[in-house]
Amino acid sequence: MNSPSSLPDGLARSISREAMVALPIGRYTGRTCVVATREDLEEARADLREERVVGLDTETRPAFKKGVSHLPCLVQVASARAVYLFQLRRAEGFPLLAELLGEARIVKAGISLADDMKSLARVFAFGAENLLDLGELARRNRFAQTGLRNLAGMVLAFRIPKGAQTSNWAAPQLSDAQIAYAATDAWACRELFLRFQSLGLLA
């Protein structure tokens with residue numbers, strides 16, 4: 001087991017802007033499903049029940065005025081086989097999301113999960129079990145930068161473009177750019193978990 005004082009494989013605890021720009025771009029290229037039909041829900045349910053770890057992220061419509069905030073609009077869940085995008089304007093996805101979040105057998109790996117759970121609780125009711133905040137894990141291992149993009153650069157050696165970050169996530173129809181951006185974030189969270197695990201940094 002590696003101690004927090006010594007990161008394996010020469011991993012750095014921080015990354016400069018110049019080093020980040022020099023990295024290749026990483027994007028999710030697998031199957032993405034925007035859950036919109038009963039068939040989509042059943043596919044997601046069957047797939048996610050087979051998982052032991054998923055990547056989890058949310059997107060919220062940006063607020064450009066001080067003191068203004070919005071509820072989350074999207075939940076992204078990455079399995080080994082696909083990334084599922086749940087638009088929160090569709091209440092039919094709430095039971096499956098609640099089931100997933102409350103399933104103690106499945107690790108839900110993400111960044112700033114406490115904030116995400118607090119926001120999601122304003123949309124639908126659930127109990128949360130077995131959440132792993134990758135930012136907190138990185139802090140315990142003395143990484144100086146613990147955001148998703150910095151961790152992807154340091155640990156996965158690729159750069160996640162910001163692209164659609166501040167787009168309108170409340171739009172009824174997500175653009176291809178939004179879908180790619182959202183799927184990549186959830187996928188990267190799962191990949192980070194697997195990499196931390198292989199490096200012996202989960203303890």
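**Exercise 1. Find the span of helix α2 and which of its residues are buried.**

Step 1. In this predicted model, α2 runs over residues 38-49. That makes twelve residues.

Step 2. From first C-alpha to last, α2 reaches 16 Å. This is close to the 16 Å expected at 1.5 Å a residue.

Step 3. Take buried as under 20% relative accessible area. The buried residues of α2 are then D40, L41, A44, R45, D47 and L48.

Step 4. Consider the spacing. An α-helix has 3.6 residues a turn, so residues three or four places apart point the same way.

Step 5. Look at the cover. The buried residues of α2 are covered by elements that include the strands β1 (31-34), β2 (53-60), β3 (72-78) and β4 (82-87). Helix α3 (94-102) is also among them.

**Exercise 2. Describe the largest cavity: its volume, its lining and the classes of its lining residues.**

Step 1. Count cavities of 30 Å³ or more. There is one.

Step 2. Take the volume. The largest cavity holds about 50 Å³.

Step 3. List the lining: V35, L41, F86, Q87, L88, R90, E92, G93, F94 and L97. β4 and α3 are the elements that give two or more residues to it. L41 also belongs to the buried set of α2.

Step 4. Sort by class. Six lining residues are nonpolar, two polar and two charged.

**Exercise 3. Locate the largest nonpolar core and the element that gives the most to it.**

Step 1. The core has 42 residues. V83, L134, L151, L192 and F196 have the most contacts inside it.

Step 2. At least two residues each come from β3, β4, β5 (107-110), α5 (134-140), α6 (148-156) and α7 (176-198). α7 gives the most, with eleven residues.

Step 3. Return to L151. Leave aside its neighbours within four places in sequence. L151 then contacts I111, L134, A138, F143, Q145, T146, L156, L192 and F196.

**Exercise 4. Which residues line the second largest pocket, and which element gives the largest share?**

Step 1. About 280 Å³ of space lies in this pocket.

Step 2. Its lining is I15, S16, R17, M20, V21, Q145, R149, N150, R159, I160 and K162. Q145 is also a contact of L151.

Step 3. α1 (17-22) and α6 are the elements that give two or more residues. The largest share, three residues, comes from α1.

Step 4. By class, the lining has four nonpolar, three polar and four charged residues.

Notes: Residues numbered from 1 in each chain as written. Predicted model: local features only at pLDDT ≥ 70, side-chain atom pairs only at ≥ 80, totals over all residues. Heavy atoms only, no water. Helix = DSSP H or I, 4+ residues; strand = E, 2+ residues; numbered from the N terminus. Expected span 1.5 Å × (residues − 1). Buried < 20%, exposed > 50% of the residue type's maximum accessible area, 1.4 Å probe, protein only. Contact = heavy atoms within 4.5 Å. 1 Å grid on protein atoms, 1.4 Å probe; cavity = no way out; pocket = protein on both sides within 12 Å on 5 of 7 lines; lining within 4 Å. Points joined across faces, edges and corners; volume = space filled by probe spheres on them. Nonpolar A, V, L, I, M, F, W, Y, C, P; charged D, E, K, R; others polar. Core = buried A, V, L, I, M, F, W, Y, C linked by side-chain atoms within 4.5 Å.
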